Amino acid sequence: ENIPLEMHKVRIVQKLCLPTVEQRQKNMEAAGNNTFLLQNKDVFIDMLTDSGVNAMSDNQQAAMLQADDAYAGSATFTRLEGKLRELFGMDYYLPTHQGRAAENILAETYVKPGTVIPMNYHFTTTKAHITRLGGRVEELICDEGLESFNDYPFKGNFNVDKLRALIESEGVEKTPFVRLEAGTNLIGGQPLSLRNIKDVCAVCREYGILTVLDASLLQDNLYFIKQREEACKDMTIRQITREIADQMDILYFSARKLGFARGGGICIRSEAECLKMKELIPVYEGFLTYGGMSVREMEAVTVGLEETMDEDVISQGPQFIRYMVDELHAAGVPVITPAGGLGCHIDVKQFLPHVPQEQYSAGALAAALYIAGGIRGMERGTMSEQREPDGSEHLAAMELVRLAVPRRVYTLSQVKYVIDRVKWLYENREIVGGLKFIEEPAVLRFFFGRLAPV
Ligand code: F0G
């Protein structure tokens, strides 16, 4: 049997409580049917995200005690900078307080009205920063990537022919960089292959276009390359990391994911590109040796990055996710296959065929799952999209509920409980109806919009 095995033991615990179903119904109503607006004390199993909620290791906690507090020139920063240089081989590092702050700096530097940024797939905050400045996102994901169920091992891959065609039609001047998102978030945490990364970057080099890696979900992608890509099976995780980074001009990350802590930043190969962005760091983030991060968090990231090079560490998320996907799939519940990183993703178009996407079916299912089991997932569908400039609804290509698996946090019995509740909800899916906005923010509306049953 494919039972995931924890390669760690638990040494600090936090008590949970499971509210009654009546309480859960009240809580969900008070939260405007938006799982972002629930109080954590009312949540039994929190699968909203793996961002900033992964369990730290003993070594991370120990390192935090040695943090060197200084506004400028902190030894803690120097350690983090050194670790990034060691792993990624890029000379320059600009710290930011989290991943989207790095996206802001990149967008402010390279995006202007009419700019086109090609990418395998967008992420919510990435797209918000690019479109806010008048740029446009072009998604070049391979066809397999948007199919809910198949056995394609690298659904995050680009269609390289489409990339070339896009550059030819838009022109190099309008295309300052191509963004590659490791562990493609919104299509189910799906990886790119090293082969595809190299092919995409070769095209960019040919045209003189910068390559930018969003490495936030790199840890899962590294594991999948090692597991699924024949040519890489004898490489170490460290070697794969370096081969990927060697293809890039710029790499940015959310350390809320990569590094098992909080924070982020931008690694840059050339001094010239670094200088374009550098002055924005003290404006938006903080001085160049902390960028909005606490020194304790920076110490934890340094150790977390090193731990990411250990296959036993980075296998934990994907193995638990595969277990969830296998069990639910076997029970006939529509989940994205193959299992990716980040979490188990429910295909809501199939789960709730009677609820149209215009009624935010994924949002409705996320709300229902909380009521059914005290489980908090995240809507990753039409609610998470932005309206078109003319105000019309942009239906998501994939309408998903994500059950993220924070690393090293939940045990197998808790995961089994989640599987049981999802199966129950699937058997009783006709009780779930659609939602409509009663308060709709103009930007990133999924975060704090409020909804009511239609
Ligand atoms: N890029 C990717 C691929 C991400 O998954 C995230 C965050 C970001 C950038 C932004 O980083 O949160 O540190 O500002 N994803 C989180 C999630 C929010 O829940 O999937 P951040």
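In the predicted model, Leu444 counts as partly exposed, with 15 C-beta neighbours inside 10 Å; this number falls between the limit of 12 or fewer for an exposed residue and that of 20 or more for a buried one. Leu444 is placed in the loop that runs between β13 (435-439) and α18 (445-448). Its phi is near 45°, a positive value in a residue other than glycine.

A positive phi is also found at Tyr360, which is not a glycine and has a value of about 50°. Tyr360 is located in the loop between α15 (348-351) and α16 (361-373). Because 31 other C-beta atoms lie within 10 Å of its own, Tyr360 is buried. A further backbone feature is the cis peptide bond from Thr337 to Pro338, for which omega is near -5°. Pro338 belongs to the loop between α14 (316-330) and β9 (343-347).

Strand β7 comprises residues 250-254, and five of the five are buried, so the strand is largely enclosed by the rest of the structure. In a regular strand, side chains alternate between the two faces of the sheet. In β7, Ile250, Tyr252 and Ser254 point one way, whereas Leu251 and Phe253 point the other way. Residues on both sides of β7 are buried.

Two pairings of β7 were identified. With strand β6 (residues 210-214), β7 pairs in the parallel sense over three bridges, and Leu213 has Leu251 of β7 as its bridge partner. With strand β8 (residues 264-268), the pairing of β7 is antiparallel and extends over five bridges. Here the bridge partner of Ser254 is Gly264 in β8.

The loop between β7 and β8 contains Lys257. At this position an unreviewed UniProt entry places the feature "modified residue: N6-(pyridoxal phosphate)lysine". Lys257 has 30 other C-beta atoms within 10 Å and is therefore buried. When neighbours within four places in sequence are left aside, the contacts of Lys257 are Asp50, Ser51, Ser216 and Leu217.

The ligand is surrounded by 15 residues, of which the closest are Thr49, Gln98, Gly99, Arg100 and Ser254. By class, the shell around the ligand consists of nine polar, four charged and two nonpolar residues.

At the level of the whole chain, the unreviewed UniProt entry carries the annotation "domain: Aromatic amino acid beta-eliminating lyase/threonine aldolase" over residues 46-418. The domain assignment divides the protein in another manner, giving domain 1 (21-50 + 318-453) and domain 2 (58-312). The C-alpha centres of domain 1 and domain 2 are separated by 27 Å. Their contact takes 22 residues from domain 1 and 24 residues from domain 2. On the side of domain 1 that touches domain 2, β9 gives the most, with three residues. This side of domain 1 has ten nonpolar, eight polar and four charged residues.

Terms used. Residues numbered from 1 in each chain as written. Predicted model: local features only at pLDDT ≥ 70, side-chain atom pairs only at ≥ 80, totals over all residues. Helix = DSSP H or I, 4+ residues; strand = E, 2+ residues; numbered from the N terminus. Pairing = 2+ DSSP bridges. UniProt positions renumbered as here; feature names shortened; annotations may be inferred. Contact = placed C-beta atoms within 7 Å. Near = placed C-beta within 6 Å. Nonpolar A, V, L, I, M, F, W, Y, C, P; charged D, E, K, R; others polar. Domains from an automatic or database assignment.
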